[in-house]
Amino acid sequence: MSDLQKILIANRGEIALRVIRTCHEMGINTVAVYSTIDRDALHVRFANEAVCIGPAASSESYLRPDRLIAAAEVTGADAIHPGYGFLAENAEFSQICADNDIEFIGPDAETIRLMGEKSKAKERMHAAGVPIVEGSDGTVADIDEAFEIASDIGFPVMVKAAAGGGGTGMRLVREAEEFENAFNGARSEADAAFGNPEVYIEKFVEKPRHVEIQVLGDGKGNVMHFGERECSIQRRHQKLVEECPSPIVDQELREEMGEAAIRGAEAVNYEGAGTVEFLVGADRNFYFMEMNTRIQVEHPVTEEVTDCDLVEHQIRVSMGETVDGDERPPMEGHAIECRINAENPFQNFSPAPGDITAFHQPGGHGIRVDTAAYAGYRIPPTYDSMIAKLIAYGKTRDHALRKMRRALDEFVVEGVQTTIPFHQQLMNDERFKQGRFDTRFLDDFEMEEEPVPVG
Ligand code: MV4
């Protein structure tokens, strides 16, 4: 056990604040890093110290291991928390931290690299007894082998990039005639995006839901799970709403998925917080999709329902604390998160950076807002468009939904367009209210007309 005295947060925005808060509750000092465009950002003010690491472009600041290590060295930080995005799932960065005797709060380089190679991760999970979608054994050598496998398992199939993730280098093939085009398209897209054209083949799971299990490992072979999150409400592979528990997961399925996630994480001797993503078919069979080796944007819904501080858990296992694999925090109530982005939902969710002229965040019982925005804040066009996460907690899903509707009505953001009107309409949608949706739900969700301002 080695206590951490000072943690550098290699991130910005709400997640940097989120980590700083837990550190201060634990009596740990914090170092913020910032690019020049972020000099007035809240994470800079809330940390005990702050170091400028470069210009606005991420590639010259938040994505520069050398500058982050230098900032940790001059401030005497003994650990780095990467947050999500930026270098959070960069194997090389985890290794560089280790080489410089700085604790990386997350898994080792080998685990990050393995989980980043989707077809290898799938093979490893399969070997650990985690259910996977039927398909090729690893990547395919050429189109002839690929077509033979596709014909064997039967169409529709998916062609997926080995290096992939997030839908890039992925093609759905409904019938044999489309195969050649889709195969070549997936390969060239994968090559362009990842410098690796390799693909694998999978049976297509119709109308799937995205359900993920939160895990925590201590790197000594012990893993526990914190139940599931429902993440099927996505647009172009960007999640917009997440909830805990999932409306389709009962205690029996939760135990099965949780045990599978634990088996997978134990097989790689997982250290830190992680998420095992599953596709759940209409028949409620589930299949491993990917493992994320970071704290996720949507972690607060799990925190509300399990009454756990996941960032505190991350820090504790980094300090050498063990995890009791037989323990499982009870789940109580229901939490829903709406991502409030600076985007125009009436214009195809086009980005809408600019100056926030007025900002009033909702509050009251059962409402949590994770944000780094404030009145007068200028949203830089440089980074992601999320300006707040609104989390509502209630005794039941219906109760949480009522709180969410009330909180959305209270939320005032002026100066930029936001996704608040989208969420207001979604929270009143009949199918959504009934919990009857899958990952295609937003494909045919139509926004009602934007109200015309009067006066
Ligand atoms: C699938 C699938 C159906 N069948 N695989 C999309 C992102 C990538 N990580 C995996 N994805 C999918 N893989 C099989 N065999 C459907 C999707 C998918 C999806 C998954 C989760 C959340 C949203 C999605 C939107 C479209 C497609």
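Met158 sits opposite Leu172 of strand S7, where S7 pairs with strand S6 (residues 157-161) in the antiparallel sense over four bridges; pairing here takes at least two DSSP bridges between two strands. Helices (H or I, at least four residues) and strands (E, at least two) are DSSP runs numbered from the N terminus. The model is a predicted one, with local features needing pLDDT of at least 70 and side-chain atom pairs counted only at pLDDT 80 or more, while totals for chains, interfaces and linings use all residues. Residues are numbered from 1 along each chain as its sequence is written, and side-chain values use heavy atoms, with hydrogens and water left out.

The sheet itself is open, with three strands in the order S7-S6-S8 and antiparallel pairing. S7 (170-173) and S8 (199-203) are the edge strands with a single partner each, so one side of each has no neighbour in the sheet. From one strand to the next, the twist averages 20°. Two helices lie across S6 and S8: H6 (residues 118-127) runs at about 50° to S8, and H7 (residues 143-153) at about 10°. These angles run from 0 to 180 degrees between N-to-C directions, with axes fitted to C-alpha atoms, for helices over the stretch in contact (heavy atoms within 4.5 Å).

As for nonpolar cores (buried Ala, Val, Leu, Ile, Met, Phe, Trp, Tyr and Cys joined through side-chain atoms within 4.5 Å; buried is under 20% relative accessible area, 1.4 Å probe, protein chains only), the largest has 37 residues. Helix H12 (397-410) is among its suppliers and gives the largest share, five residues. Leu426, one of the residues with the most contacts inside this core, touches Val241 and Phe432, among others beyond four places in sequence.

Conventions
Buried means under 20% relative accessible area, exposed over 50%, partly exposed in between (1.4 Å probe, protein chains only).
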